[in-house]
Every structure is written in C-alpha cells, then in structure tokens.
Amino acid sequence: MDDTDRAVRDELERRLAVLAVEEREAPQPAFPRSDMVALVAIVVLSIVLGLIVGIA
Amino acid sequence: MAAHEDVSREATFGSLPVTRDERVWNFADFTWVNVGLAIATWAFLVGGATALMVGFAEGLLAMLIGNAIGVVIMLLASVVSSQRYGVEQYTILRSVFGFGGVALIVFTIILFTEMGWSSLLSVMFGRAVSQVSNESLGTSIDPNGLAVTAFALVAIAAAWFILAKGPLTIRFLNRIVAPGLAVLTVGMIVLLFTETSWSELMDAAPLAPFEDDALNFAIAVEFNLGVGFSWWPVMGSLARLTTTPRAAMWPAFIGLFGATILAQVVGMAAALTLTDSDPTVWMVPLGGAWLGVLALLFVAFANLTSLASIVYSTCLALRQAGGRFLTGVPWPWLCGGFFVLPAVLAFFPGLLYDQFLLFVLWTGAFLAAICGTVIADYFVLRNQRIDLRGLYGRGSASPYHFTGGFNVAALVSVGLGALTFILLYNPITLETRGAFTLLTASVPAVVVAGVVHVLLTVLLVRRAGQGGYDAAPGAQPAAGTAQQDRVL
C-alpha cells in the first residue's frame, strides 16, 4: 500500500465516521413519495399525450 | 493549489462520499447549475434535427413529450441515489453492475458516447469558424472541407489545453459562457419572432420527413427521449452536492427540461424558417452579417468550454473506473488519449454531425436500458437502501462483488433492453416495427431492462446470496474493525 492508498483509506474512514454520526442525528430521507407520484404522473401524462397525438 | 494537484485530488478523492458540510447547493443554486448546463450549443442542433422530421407544432409536442419522459427517467436513475448517499454515480453504480461491470459500462458505452459528443462539438466549432471566415473574409470553405477539419483539430487542441489547466479554468470559462448563451438564446427568440410571423412558423414544412406522418412524429419523440437520456453520464456527480432530495430533483428537471426546450425551440424555429438544420448555417441569415458572425464566434467559443467540460467529467470517470492502471497515467496524457478518436473523426466532418439524429438514437438505446436497470435495482430491489461501506470494499469482502466483480444479471438486462430498442427501431437500417409509432423504442427498452433485471436478480442473484439484496442495510452501517479491514 503506497502513501496515496493510505491517504484515501484514512480519508474514507474519516468520512464514513462523520456520515455515521450525521445519519444517527438526522437520517437522510428517502425520496419523497409525493414527489415520486408527481414524476410518475408527468411520465404517464406525456405517454398518454404522445399516444393521442400519434394516433391522431 | 496547482492545476495538476487540483485534478489529482479530485480524481483520487472525488469518489469518496461527501459530508453534509460539503453539500453546498440548495434549490436555487442547483437550478442555476442546471440552467447553465442545459443551455448549450447542442440544444440548437437538437432543435434543427427535430425540424428534419416534423413541423413546429408537432416538433414542440415531440420535444415536450420526449424530454419530459427522458429527463424524468434519467433523473430517477442518477440523481436520487447520489443525492441520498452523497456519492458520485459511477461509485454508486457498483451496487448495480459490480466493480468490473461499472468499468465495462464506462469503457464502452460512456466512453464512445462522450467521444461522439466531443467529435460533434469540435466539428461544430470548425463549421462555425468556417462560416465566420466565409462571411467576413469572403472565403468559400466547404462544410466538409479540410479547413473544417483543421479548425476542429484546433478546437480539440484548445480544449486539451484548457483541460490541462484544470477544473478551475473550466469553471471560470463556464461562468462567461452560460449567461452568454442565455442572452444569445433570448436574442435569437426576439429576432425570430420579429422577422417571422406565427402563421409562417406554423405552416413551415419539415425539412426531410418520411412519408408517414405518424412515423415522423414517433422518430421526433424518440430523438428527444434520447436527448433527455443523454444527460445521464454527468447528473449523479452533480447531485451529490445538493442539500435535500427536492433540491436535487426539481432544479434538475427545471433546467434540463425547461431551459433545454427553450433553446431547442429556437433551433427548430430557425431551421424551419431558414430551411437548414445546421445552426452554423442559419445564424448569419438570422442575425445579419454582424450579429450573425458575433453569434457564431460565441458559439465556437462556447463549444470549447462544453468540450472541455464533457472530457473532464469523462476522464475523471475513466480514471476512477480504471483503477491502478489509469491512476498512474498523467492527467494530460489521459485527456490526450481520449481525444485520439475525436481527432480522427474530425477528418470526416459530416460523419457524425450530419447524422446527429442517428447518433443520439444509438446512444439513447443503451442509456435507456441502463436507466431501466438502475431504477429497478435501486427502487424495486433495494428499496432505496445501499451499503455505503460496501461501495468501497474490494474483492469478495464487498457485497457488490457479485461474480468476479460483474453483476451478470444487470449487464444482461442492459443488453436485452438495448436489443428491444433495436428490434423496434433499427437506427442503421431505419427499419421500424408497428409498435414503434405508438410506444417508441426507448420506453419499452426501459421497461424490458427493468423487468428482466428484477426477474434475474430474484431468480438467480438473490438465491446465490450475491449483491447484498437480502441485507437491506441502514444508510450507515456502524464502523468497526472488521469492516475497516475490508475497505479498499
């Protein structure tokens, strides 16, 4: 293991430790369900619009 | 910090997760980042290529439909997981494809896609400068002539020089180019609508359509889907710096959907009314001798920064995916190696530039399949949970080692998704199946890739105990000595 590898490993460990504390204190939320519904609605509406125009 | 140290640091430490202090982009910040990214010179090319198939009204609908679907699917496959875990996307993709699988994707699909875009931008630079010369010096340079090749090579050399200076130079140039392109786009909208009536625009015929109107519309939608997918290689790495899921998703959608369409509409309207899809051709007739030449010069300059930005992010991905082999290669040599194929393609200026539509369709076939696979993996199979530490483990110690570093199920899913695309619409022979006019090819490719990935994973990978699918870890596993030992 050279110096760069060791520096990267140390930095990774430091970051994982910080992130573990951050996560315990305030968990990073999953993607909001309401936003997912809105995005799926955009896709579905676009597909329906495309079908209508395509058929017409 | 010297430029080479700056690059080296980003290449070495850039794949590590960011802490919350380092997440600097809120909703407004990330909106501007995406607007700047979206209003690029290729948006004019996209508008022009759409005008080949359809008129203004159908083209606008095709852009709205294609970009809406493509951008949403692309963002779900890139932004969401990178934002949650603060990890750039090629590292997070290890949970989908395995370490070797990511390298395979990066060194094939991503490399050739970005080389293609680089070639396009360098030729666009060459043609823009040639047009300036033709207008102001009275020369008559052919759009496929050797002079265009020479200018394209100059663009590549200049982009390489900018890259060698490091990311700070690119950021500095982008601060000039992004607002400049926004002003240019608004200026062209004003010029277009003062010189062309609404009825003229609506009545303008497409430039090179097929006989079947439904097929023309489907190809225009498919093309714009491909444009939406084409942002995938860069989005995850940007989104990791945002503060919340909403600050990542919606600004990206506003920028890549809203701002892109604005610039594309300008390109389409100009192409339809001036009967040429090439923005380097229609800018002078649109803007007049002085304004047109100035606009072309700015477009040429903007292409240099776009070129440098694309190659910078791609070379970083190559370096991270290439492991020890590429870590030792000096940054200027790596960037120089990337430019070899675009430089060769510069000798055939029309090869990709005049076949822009087909290029986007080809890349869209694979990117759509990748997006379908990634969405199925992250949302369906992992329920949005990834073992952060496992992303950095090596060998069989990582849950994402799969089979020898490759998740065969995910790679097969991408292959079958792309095959579905080609069966529905073959970009080489232009042969289409009946279903293409209603379903397009990208949407089925996304669905097939996703469904196949879920099936193969449930039936084979999970049963083999690979991939950490059963572990359902929390976002942050506790750090411990045994876990530390397996990292890197």
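**View 1. B:Glu22 is partly exposed, at 29% relative accessibility.** Here "buried" means under 20% relative accessible area, "exposed" over 50% and "partly exposed" in between, with a 1.4 Å probe and protein chains only. This is a predicted model, in which local features need pLDDT of at least 70, side-chain atom pairs count only at pLDDT 80 or more, and totals for chains, interfaces and linings use all residues. Residues are numbered from 1 along each chain as its sequence is written, chains are lettered from A and ligands numbered from 1 in the order in which they are written, and side-chain values use heavy atoms, leaving out hydrogens and water.

Which residue forms a salt bridge with B:Glu22? A:Arg15 does, with the closest N and O atoms 2.7 Å apart. The pair crosses between chains, from helix H1 of chain A to the loop between helix H1 (3–13) and helix H2 (27–38) of chain B. A salt bridge is a side-chain nitrogen of Lys or Arg within 4 Å of a carboxyl oxygen of Asp or Glu. Helices are DSSP runs (H or I, at least four residues), numbered from the N terminus. A:Arg15 is buried, with a relative accessible area of 8%.

**View 2. A:Glu11 and A:Arg14 form a salt bridge within one helix.** Their closest N and O atoms are 3.0 Å apart. Both residues lie in helix H1 (residues 3–25) of chain A, three residues apart, about one turn of the helix. A:Glu11 is buried at 15%, while A:Arg14 is partly exposed at 43%. A:Glu11, A:Arg14, A:Arg15 and B:Glu22 are linked in a network of salt bridges.

**View 3. A:Glu13 meets B:Arg389 in a salt bridge (3.0 Å, N to O).** A:Glu13 lies in helix H1 of chain A and B:Arg389 in the loop between H19 and H20 of chain B, so the pair joins two chains. Both residues are buried.

**View 4. B:Glu222 is buried yet has no salt bridge.** Leaving aside neighbours within four places in sequence, its contacts (heavy atoms within 4.5 Å) include B:Leu361, B:Phe421 and B:Phe436.

View 5. Most residues other than glycine have a negative phi. B:Thr275, in the loop between helix H13 (245–274) and helix H14 (279–322) of chain B, is exposed at 59%. B:Phe402, in the loop between helix H19 (356–381) and helix H20 (408–424) of chain B, is buried at 6%.

How values were computed: Lys, Arg positive; Asp, Glu negative; His and termini not counted.
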